[in-house]
Amino acid sequence: MNGYLLSIMKGQKSSFMAQLITYLLVPWSLIYGLGVFSHRNFYKLKGAYRAPKPVISIGNITVGGSGKTPLVIWIARHLQDKGFKSVILTRGYMPQESNGSDEVDMLNEQIPYMPVLVGGNRVSNIKKSMRILPVDVYIADDAFQHWPLHRDLNIVAIDSGNPFGNGFLLPAGVLREPLSALKRADIFVLTKTNRANGLQGLSSKLKKINPQALMVESCHKAQGVIDVFGTEALPADFLRNLPVIGFCAIGDPLSFESELRNSGALIAKVFTYSDHHIYQQKDIQRMVEFCRSQAVPLLVTTHKDAVKLNIFRDSFKGLRLVYLPIQLEITKGSDEFIQKIISICRH
């Protein structure tokens, strides 16, 4: 998605041109909203499939950048530690020119012994795997709007720094559904609270929409530095006072820049690409040439990007490439959050 258009959708631009583009797109948002309403009510009439084991949905109400994947990993690891056999269900965003999904590769690296079933038809994947995989609970990634499948627990991740964009539905804004849809949520997980202003106002707004939902707060923190091609864990302060060039293709590039700044690195430039961007040789060459022109031998990226770069290993000769592994930390409501999840798993 075009970076300028996305900044308008997120409410980060307020110029006359930005307002004009927004209002030109509003009629399409109305059509989109009608489609969402029809799709939802079709499955209300038809009925959703109930899996043989509980289904925990981790989703959001906006497109891109809410911090959903680290939340999936956090929940999966905690259930694993408690002895539950989990299976992750994910659509696995795969552009046509890609041979795989960056998020799926990331999940497989972070939780290597947990099955990840990839595909848009989660019901079909459940049915196919029933007699093959032992399972106590299904973790459905990005399933808040997945109507064919009944969910026993709806967890919604909300970016505290930019929760609802400009307030419009797609394509004028970033909302997938009207805010009233948040009444379906059982748990709100406010992400990136360490970067947010007006957290109390957001909490109050969510409580007015859905006073019954549990409110949990979290932040994302870089856990050291890892060499992309050597998987070597480097000291946590490795980047401090070092000149670096960053790049990423994620839904919220500002969060990456923030973590890079927090690492103490001296940022020469950050290249940003659209979410799930499939890197081409020309992209790599552009960044490598810039590094050499600025005499900066160190590039930093995200884990989500790192899993896509092995084919370009030779292009980075003479330079070092590392990534910041980001982990989610629950800062408020952790015990109640875990208890609610486990109670669902024991049903």
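## Packing of α3 against α10

In this predicted model, helix α3 (residues 68-81) packs against helix α10 (residues 334-345) at an angle of about 70°, and their axes lie 11 Å apart; axes here are lines fitted to C-alpha atoms, for helices over the stretch in contact, with angles running from 0 to 180 degrees between N-to-C directions. The two helices, α3 and α10, are therefore roughly perpendicular to each other, a term that covers angles of 65 to 115 degrees. Helices (H or I, at least four residues) and strands (E, at least two) are DSSP runs, numbered from the N terminus.

On the α3 side the contact is made by Leu71, Trp74, Ile75, His78 and Leu79, which meet Ser334, Phe337, Ile338, Ile341 and Cys345 of α10, contact meaning heavy atoms within 4.5 Å. The residues of this contact between α3 and α10 divide into eight nonpolar, two polar and no charged, where Ala, Val, Leu, Ile, Met, Phe, Trp, Tyr, Cys and Pro count as nonpolar, Asp, Glu, Lys and Arg as charged, and the others, Gly among them, as polar.

Strand β1 (residues 55-59) is largely enclosed by the rest of the structure, because five of its five residues are buried, that is, under 20% relative accessible area with a 1.4 Å probe and protein chains only, whereas exposed means over 50%. Val55, Ser57 and Gly59 point one way from β1, while Ile56 and Ile58 point the other way.

Strand β1 runs parallel to strand β4 (residues 137-141), to which four bridges join it, and isoleucine 58 has aspartate 141 as its bridge partner in β4. Strand β5 (residues 153-159) also pairs with β1 in the parallel sense, over four bridges, and there glycine 59 is partnered by valine 156; strands are said to pair if DSSP finds at least two bridges between them.

## Backbone details in the loops

The peptide bond from leucine 170 to proline 171 is cis, with omega near 0°, and proline 171 is found in the loop between β5 and β6 (187-191).

Histidine 276, in the loop between β11 and α8 (281-293), has a positive phi near 70° and is buried, with a relative accessible area of 10%. Alanine 295, in the loop between α8 and β12, has a positive phi near 55° but is exposed, with a relative accessible area of 64%.

## Basis of the values

Residues are numbered from 1 along each chain as its sequence is written, and side-chain values use heavy atoms, with hydrogens and water left out. Because the model is predicted, local features need pLDDT of at least 70 and side-chain atom pairs count only at pLDDT 80 or more, while totals for chains, interfaces and linings use all residues.

How values were computed:
Parallel < 35°, antiparallel > 145°, perpendicular 65-115°, else oblique.
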